[in-house]
Amino acid sequence: MTVTAASSSLPMPQSDALVEISHVEKYFGDFHALKDIDLSISRGEVVVIIGPSGSGKSTLCRTINRLETIQSGEIRVDGVPLPAEGQELARLRADVGMVFQSFNLFAHMSILENVTLGPIKVRGMKKAEAEKLAMELLDRVGIAHQAQKFPAQLSGGQQQRVAIARSLAMKPKVMLFDEPTSALDPEMINEVLDVMVQLAKEGMTMVVVTHEMGFARKAANRVVFMADGEIVETGDPESFFTNPQSARAQDFLSKIL
Ligand code: ADP
Ligand code: MG
């Protein structure tokens with residue numbers, strides 16, 4: 001059988017890995033921020049990334065949707081390598097939802113407008129359809145009755161739940177959470193974690209940077225421990241937290257537990 005040029009452009013068979021990070025190297029000037037990162041995340045998997053401050057957790061998240069460029073290696077989302085820039089990047093980036101420590105809602109827009117903006121602008125959805133979707137998602141995170149308010153009128157926990165709904169409105173294939181509860185008052189942490197646990201149960205593929213062990217134990221399939229820009233250790237949550245193998249993980253856990 002002859003393999004024609006056309007057949008090589010057919011979509012790749014869907015692999016079980018939704019996010020494939022291979023040999024990624026990232027430098028900020030001379031500083032080596034990510035060192036030979038290899039991580040494959042399956043469809044529906046929930047991966048918790050844990051590690052000391054400055055170990056590269058945020059940088060890794062940001063490379064997954066190309067908020068940061070990489071110097072070498074490859075990142076594929078659903079089989080497609082992420083291009084460095086352009087239209088194609090915008091479309092692929094929409095497949096990767098991201099929730100930050102600071103909720104980053106648009107202050108001058110209502111909660112409803114915050115959630116409908118992306119679907120209308122990036123996905124080309126009609127306003128009425130986007131509003132219907134937004135109200136469903138706001139209902140899911142328990143904020144539907146506040147849809148007409150502005151971000152400043154909501155608590156931190158409520159704003160973070162809106163930020164999650166806003167990300168979900170883009171129908172991402174994978175959701176990244178970078179310390180989503182670190183900026184919250186303690187009494188608001190659980191209302192956000194509960195939404196995330198629910199999302200995990202519904203089968204969303206998630207990468208979550210957090211030190212919340214309760215979440216890791218309830219929802220994570222795998223814990224990835226990073227230090228100094230490297231993946232030092234990975235394991236299931238129970239064994240990682242009770243019996244870490246590396247000296248660096250033992251040292252880190254002894255400080256936070
Ligand atoms: P973490 O999220 O684990 O705390 P980061 O990924 O934010 O760590 O940072 C990893 C390292 O990269 C830190 O030493 C940080 O100072 C450095 N870094 C992060 N962003 C930049 C940047 N834009 N320019 C230079 N250095 C950076
Ligand atoms: Mg960080």
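Arginine 166 lies in helix α5 of this predicted model. Helices here are DSSP runs of H or I with at least four residues, strands are runs of E with at least two, and both are numbered from the N terminus. At 19% relative accessibility, arginine 166 counts as buried; buried means under 20% relative accessible area, exposed means over 50%, and partly exposed lies in between, with a 1.4 Å probe and protein chains only. Leaving out residues up to four places away in sequence, arginine 166 touches Phe103, Asn104, Leu105, Phe106, Asn114 and Val115, where contact means heavy atoms within 4.5 Å. Between the C-alpha atoms of arginine 166 and valine 232 there are 33 Å in space, and the two are 66 residues apart in sequence.

One of the residues touched by arginine 166 is Asn104. Asparagine 104 belongs to the loop between β6 (96-99) and α3. Its relative accessibility is 41%, so asparagine 104 counts as partly exposed. Asparagine 104 has a positive phi of about 55 degrees, although it is not a glycine. Aspartate 228 is likewise a residue other than glycine with a positive phi, in this case near 50 degrees. Aspartate 228 sits in the loop between β9 (222-227) and β10 (230-235), and with a relative accessible area of 47% it is partly exposed.

Residues are numbered from 1 along each chain as its sequence is written, while chains are lettered from A and ligands numbered from 1 in the order in which they are written. Local features need pLDDT of at least 70 and side-chain atom pairs count only at pLDDT 80 or more, whereas totals for chains, interfaces and linings use all residues; side-chain values use heavy atoms, with hydrogens and water left out.

Helix α3 covers residues 111-121, and its buried residues are Ile111, Leu112, Asn114, Val115, Thr116, Gly118 and Pro119. What covers these buried residues includes α4 (127-140) and α5 (156-168). The axes of α3 and α4 are 9 Å apart, and the two helices pack at an angle of about 125 degrees. Axes are lines fitted to C-alpha atoms, for helices over the stretch in contact, and angles run from 0 to 180 degrees between N-to-C directions. α3 and α4 are therefore oblique to each other: angles under 35 degrees count as roughly parallel, over 145 as roughly antiparallel, 65 to 115 as roughly perpendicular, and the rest as oblique. α3 passes α4 in a right-handed crossing; a crossing is right-handed if the near helix is turned clockwise from the far one by less than a right angle, and left-handed if anticlockwise. On the α3 side the contact is made by Ile111, Leu112, Val115, Thr116, Pro119 and Ile120, and on the α4 side by Lys127, Ala130, Glu131, Ala134, Met135 and Leu138. By class, this contact of α3 with α4 has 9 nonpolar, 1 polar and 2 charged residues. Ala, Val, Leu, Ile, Met, Phe, Trp, Tyr, Cys and Pro count as nonpolar, Asp, Glu, Lys and Arg as charged, and the others, Gly among them, as polar.

The axes of α4 and α5 come within 9 Å and cross at roughly 140 degrees. These two helices are therefore oblique to each other, and their crossing is right-handed. In this contact Leu137, Leu138 and Arg140 of α4 meet Val162, Ala165 and Leu168 of α5. The residues of the contact divide into 5 nonpolar, no polar and 1 charged. The loop between α4 and α5 holds glutamine 146, which counts as buried at 7% relative accessibility. Apart from neighbours within four places in sequence, glutamine 146 is in contact with Ile111, Leu154 and Gln158.

Of the 8 residues of helix α1 (residues 57-64), 6 are buried, so α1 is largely enclosed by the rest of the structure. Its buried residues are Lys57, Thr59, Leu60, Cys61, Thr63 and Ile64. Just after α1, arginine 66 takes a positive phi of about 60 degrees. Helix α2 (residues 87-93) contains leucine 92, which is buried with a relative accessible area of 4%. Not counting residues up to four places away in sequence, leucine 92 touches Val80, Pro81, Leu82 and Pro83. Leucine 92 and lysine 173 are 81 residues apart along the chain, and their C-alpha atoms are separated by 9.8 Å.
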